[in-house]
Amino acid sequence: MRSAILAGALLAFATATSVHAQAIKLADVAELSGGGATVGTNWKNGIDLAIEEINAKGGVLGRKLEVTHADSQSNPGVARAQVQKALDAEPYVLLGPGYSGSVKVTAPLAAEAGIAQIMGGEAAELTQAGNKFLFRTSFGQQSSMPKVAKYIHDEMKAKSVAVVWVNNDFGRGGRDVVVKELDRLGSKVVADLSTEAGQADFAADVGKIKSANPDAVFVYLNEEESARILKELKRQGVTAPLMGETTLIGQKVIELAGDAANGARGHVGLTTDAPVDLIKAFREKFSKKYNYVPDHNGLKGYLAVYMVKATTEKMGKVDPKKFADTLHGLTIKAADEPGILMDVTFSETGDIDRQSFLVEVVEGKQVVKQVLPKVK
Amino acid sequence: MSNLFDLLVAGLATGAIYALVAVGFTLLWQTSQTINFAQGEFVMLPAFLMLAAMHAGAPFWLAIILGILLSMLLLGLAFKMLLVDPMMRHGVLPLAIATMALAIGIKESVKQFFSAEASPFPSIVPTGDISILGHAVSLQSIGVLVVAILAVFGLTSLLNRTSLGHQMQAAAQNPTVARIIGVPVERMILLTFLINAFLVALASLLITPIYLAKFSSGEVLGQAAFIAAIVGGFNQVRGAIAGGLLIGVLDNLAASYVSTQYRAAVPLIFLIVVILFRPQGLLGRAEERTA
């Protein structure tokens with residue numbers, strides 16, 4: 001009797017380890033606490049939702065996906081330690097982090113280990129350092145700014161533009177690309193204004209915009225400063241149309257700026273309000289599972305897992321060393337892989353090309369006004 | 001030219017708020033030799049008290065009244081009794097350092113109990129423009145200027161034209177003699193703390209709709225008002241007013257005509273020049289207070 005129990009236990013153990021061996025291991029390091037908790041939690045929930053869906057349909061090449069989540073505490077130092085720990089467990093692919101600063105310090109570790117890293121950061125420089133293992137889930141500035149410049153030139157018909165930017169890596173990166181693109185298209189930058197992070201008083205900056213009298217104003221600041229300048233622009237009666245990015249027309253900016261946000265337009269790479277059936281379905285599934293409406297970080301986490309699935313199926317095998325090579329230059333169509341939500345192409349640098357959206361704030365709400373096509 | 005006019009109006013409006021805060025600095029210094037490094041946080045806190053009242057269901061006007069009363073209680077009475085009085089007997093420097101600690105305490109508490117993120121704050125002045133000399137000037141700027149001027153006018157009238165004001169000045173200039181002639185010096189000192197609390201609450205009400213309610217917003221204001229008080233003359237209310245307006249205008253002109261990056265440096269350079277050539281401040285008197 002005892003030997004029968006022992007045999008049964010051994011069999012169960014053997015079965016369990018064999019299933020475990022077959023599972024494809026992913027490691028996620030995200031901002032689950034600290035200042036980026038909203039970003040990281042959305043990202044994590046998106047990942048879990050995608051894995052649940054994929055496993056329910058039989059996994060990837062017949063193997064289940066498994067993920068471990070680690071908390072970076074929104075701190076680049078902690079992120080680096082967590083990524084090192086995650087890489088020591090030899091995952092198939094590394095997911096995260098979401099903050100550009102954390103990505104910047106962890107990307108060399110993943111590259112050294114030869115493990116592909118699919119992350120949420122958007123700073124332009126991340127994919128410009130020649131890292132062959134780093135992939136975005138959303139636009140970097142070098143992808144979004146040309147679309148912004150094109151919209152200002154073609155749709156807003158602006159011959160003269162005032163550019164206001166925040167004097168940090170994020171702001172300078174975006175400003176450099178947009179000014180170059182506007183110049184190339186023939187829209188003249190008549191005011192090029194750098195502002196400080198945390199700046200409270202924008203009266204002088206708006207005064208300069210007023211005296212430059214531009215056809216359009218491009219605002220590229222963080223959320224709180226965006227709200228302050230929107231209020232000041234309204235206070236000083238600037239009527240030129242305002243264009244920005246997600247940071248100009250986000251929900252927090254609308255809440256802070258109130259009426260002053262109305263009419264502001266922004267280019268948005270990913271939004272759960274997008275008029276795309278697959279995104280609407282995602283939003284519904286996510287809201288049902290987690291009881292709240294996800295932001296674009298939920299979409300990013302979800303897409304990261306489907307990038308793993310599509311790339312692995314393209315290779316026809318689970319090979320961490322070939323993963324990055326395969327994803328470079330790959331186009332994934334939503335018709336073939338609905339989980340990717342929109343057709344997407346990955347460049348040799350790990351940047352993405354995908355359709356995006358032009359959003360306008362109308363009576364305190366974001367309204368998608370236009371779908372902007374892929375660049376190529 | 002139109003730009004210059006706009007800059008002057010915006011600078012005067014901001015400067016008027018600096019003036020309110022700077023006047024508080026000088027009042028506390030004159031009556032109790034308190035250098036309050038938490039003055040910026042004193043401007044930040046009332047907005048959050050008002051927001052808390054609104055979250056509890058109070059209408060805006062009631063929240064303003066409650067916010068001002070609570071400020072006078074916490075930043076006037078409690079500040080004096082719990083921090084200034086016990087520390088004062090150890091000298092000016094320990095007290096100044098204690099106010100620095102208080103500044104950190106207020107800031108972190110607001111972050112802890114409210115939020116680290118900025119919150120919107122309603123304006124008492126409607127948005128919109130009026131035309132002055134052919135220039136469109138925002139009602140908000142005018143409103144801020146008018147309220148601040150009325151407050152300063154009220155204060156100077158109180159100080160110069162009433163018996164209470166004369167007693168306060170006597171208590172400030174020579175407390176020993178004031179006591180001998182029957183001025184209730186302690187009560188006068190408490191009154192200046194309450195007036196300071198009222199002024200910072202008013203400044204908070206005027207500035208927060210523009211700067212947004214945020215735990216860190218006192219840092220800039222405190223520094224600007226401190227510079228304004230020194231530039232104008234730390235021992236003169238009219239000096240603090242002139243200093244506030246001057247710093248507000250200078251800051252805006254510097255941001256526009258020098259550079260945004262160096263805007264914060266320009267008032268400081270001005271401060272150094274004033275200290276080198278007129279140490280008592282532009283309108284200040286050489287120190288004549290006796291302990």
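Student: What share of the 376 residues in chain A do buried residues make up? After that, please describe strand 8 of chain A: which residues are on each of its faces?

Tutor: Buried residues make up 50% of the 376 residues in chain A; a residue is buried if 20 or more other C-beta atoms, placed from the backbone, lie within 10 Å of its own, exposed if 12 or fewer, and partly exposed in between. This is a predicted model, in which local features need pLDDT of at least 70 and side-chain atom pairs count only at pLDDT 80 or more, while totals for chains, interfaces and linings use all residues. Residues are numbered from 1 along each chain as its sequence is written, and chains are lettered from A and ligands numbered from 1 in the order in which they are written.

Chain A contains 13 helices and 15 strands, which are DSSP runs numbered from the N terminus (helices H or I, at least four residues; strands E, at least two).

Strand 8 of chain A covers residues 216-220, and five of its five residues are buried. In general, the side chains of a regular strand alternate between the two faces of the sheet. On one side of strand 8 of chain A are A:Ala216, A:Phe218 and A:Tyr220, and on the other are A:Val217 and A:Val219; both faces are covered.

Strand 8 of chain A also has neighbours with which it pairs, where pairing requires that DSSP finds at least two bridges between two strands. With strand 6 of chain A (residues 160-166) the pairing is parallel and has five bridges; here A:Tyr220 is the bridge partner of A:Trp165. Strand 9 of chain A (residues 242-245) also runs parallel to strand 8 of chain A, and three bridges join the two. Within that pair, A:Phe218 has A:Met243 as its bridge partner.

The path from strand 8 to strand 9 of chain A includes helix 8 of chain A (residues 223-235), and the three elements form a right-handed β-α-β unit. Right-handed means that, with the strands pointing away from the viewer, the path from the first strand over the helix to the second runs clockwise.

Contacts (C-beta atoms, placed from the backbone, within 7 Å) link 25 residues of chain A with 23 residues of chain B. Helix 8 of chain A is one of the elements that each supply at least two residues to this side of chain A, whereas helix 7 of chain A gives the most, with seven residues.

Key: Contact = placed C-beta atoms within 7 Å.
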